[in-house]
Amino acid sequence: MKERIEIIELFKGNIEGKIDKEICVKGWVRSKRGNKNVVFIALNDGTIIDNLQIVVDLNSFSEELLKDITTGSSLMVEGLLVRSMGKGQSVELQAKNITIYGLADADTYPLQKKGHTLEFLREIAHLRPRTNTFGAVFRIRHNMAFAIHKFFNERGFFYWHSPLITASDAEGAGQMFSVTTLDLDNVPKDDKGKVDYSKDFYGKKTSLTVSGQLEGELGALALGKIYTFGPTFRAENSNTPRHLSEFWMIEPEMAFYDLKDNMLLAEEFIKYLIKYALDNCIEDIIFLQSMYDKELIERLNFVVNNDFISLDYTDAIKILETSNEKFEYPIFWGCDLQSEHERFLVEKHFKKPVILINYPKDIKAFYMKQNDDGKTVGAMDVLFPKIGEIIGGSQREEDMDKLVSRMKEVGILPEDMSWYLDTRRFGSVPHSGFGLGFERLLLFVTGMSNIRDVIPFPRTPKNAEF
Ligand code: 4AD
Ligand code: MG
């Protein structure tokens, strides 16, 4: 048997020594066409969007064998690699030997035709990675994950693992999934009739984390600069194209960074990632642009090449109030901005990414740095075209007394979080951080418009298939 070559090598590697030699490829059939004399099989092995054309001379192969080979079948093909006359491909393989690994029944394999809708493909999320679209999306997803580690490693950040199971609600929004081993048909109760969590696995009420930040702060106040990158869970009942109940978040946290340093890092980070995608995933991006979003590459270049605008929440409210736009949700100082407001600022008013800072304290989490005006906190949200909020972050309140009084105001018992407060009790320093939603980044980079289409197995309300 010849040495197997991955198809990416044939299109992107140095093939000089391989032309007119026998090689072996393995992959799945994307399509088959031909006539009485010759059959062309488009073979894809997932390494690259391009298919390798396999040329099968019917004088040397039985029709019986070829009849069984249909879209979705998996093959090993040995043959002669030759330069191709055909348009759009540099090489093709003249088959000498075909081995079938597995057939795919033509009557039941769901990916027969081209042009399935994204909605249909979501119903077969277990098979959609075999389409051009999802192959492209998931190769980009991998590249973005790699670039994230590369970015932070090059800047001296340490990858820090926060727990997924937690007893605290970092964002204070209460949208948590419980983790329990109690028998739900026979829940132990205390003498007040409340669930007795002391009988539960951890001896207290626990949930899946909504953010790794609080534990991230402990890392930053020891190692200086850390980042987390892991799954995050939110039981918010939002059926929107931008929300998942299980998503991935990247949360850098830096000691001695103020809000300004935090904003600069966020802008540098996101530009680095987009540039990395343009430099390393361009074939996949070109494909997605041709299918879904004609302005994709233009938009990506625009973000890389332009400075973000930064502006106070209060000024943004003024702009929104005096705009002549009809919004569904009302605008007033103190309101939580909706995606329609964010997109107006970014897409219509400034026409660039916007970093909104200094939000009212009542719509933000307890840990944010309290500004001297007594009304706002040192928060920052990065708003992107098409996406709205892509990053949320802040400088953190490092003053123990201020932090504790804010916790009490919002109903968090300081004694429940004494481990967190120890950062302020012992050697507290100014520090900042932010969270980038990985799938929101992917929406932007791929040009896809539904967040369910940038994660292999989406989790949303009433949907935990596969
Ligand atoms: O703004 P959020 O809630 O911020 C935090 O969790 C902070 N602890 C981050 C930090 O400062 N370390 O979430 C951060 C980002 C959002 O901007 C958004 O991109 C993404 O996480 N996100 C979601 N992505 C998909 N589905 C959801 N349900 C999301 N909720 C937030
Ligand atoms: Mg947010």
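This is a predicted model: local features need pLDDT of at least 70, side-chain atom pairs count only at pLDDT 80 or more; totals for chains, interfaces and linings use all residues.
The shell around ligand 1 is evenly divided by class, with 8 nonpolar, 8 polar and 8 charged residues.

Which residues come nearest to the ligand? Of the 24 residues around ligand 1, those that come nearest are Glu171, Gln213, Glu251, Glu389 and Ile390.

Let us turn to the strands behind this shell. Three of them, S11 (246-255), S15 (388-395) and S16 (431-437), each contribute at least two residues to the shell around ligand 1. Which strand gives the most? That is S15, which supplies 5 residues.

I shall now describe individual polar contacts. In the side chain of Glu236, an N or O atom is 2.8 Å from a nitrogen atom of ligand 1. An oxygen atom of ligand 1 has a polar side-chain atom of Arg396 at 2.9 Å. With Gly392, the backbone is involved: one of its N or O atoms lies 3.3 Å from an oxygen atom of the ligand. How much of ligand 1 does the protein cover? On its own, the ligand has 630 Å² of accessible area, and the protein covers 93% of that.

My last topic is a pair of helices. Helix H5, residues 213-223, packs with helix H12, residues 418-425, at an angle of about 30°. Their axes are 10 Å apart, and the crossing of H5 and H12 is left-handed. Which residues make this contact? From H5 they are Leu214, Glu215, Glu217, Leu218 and Leu221, while H12 provides Trp419, Tyr420, Thr423 and Arg424. Sorted by class, the residues of the contact between H5 and H12 comprise 5 nonpolar, 1 polar and 3 charged.

Note on methods:
Residues are numbered from 1 along each chain as its sequence is written. Chains are lettered from A and ligands numbered from 1 in the order in which they are written. Side-chain values use heavy atoms; hydrogens and water are left out. A residue is near a molecule or strand if one of its heavy atoms lies within 4 Å of it. A polar contact is a pair of N or O atoms within 3.5 Å; within protein, one must be able to donate a hydrogen and the other to accept it, and residues adjacent in sequence count only if both atoms are side-chain atoms. Accessible areas come from the Shrake-Rupley method with a 1.4 Å probe; for residues, only the protein chains shown count as cover. Helices (H or I, at least four residues) and strands (E, at least two) are DSSP runs, numbered from the N terminus. Ala, Val, Leu, Ile, Met, Phe, Trp, Tyr, Cys and Pro count as nonpolar, Asp, Glu, Lys and Arg as charged, and the others, Gly among them, as polar. Axes are lines fitted to C-alpha atoms, for helices over the stretch in contact, and angles run from 0 to 180 degrees between N-to-C directions. A crossing is left-handed if the near helix is turned anticlockwise from the far one by less than a right angle, and right-handed if clockwise. Contact means heavy atoms within 4.5 Å.
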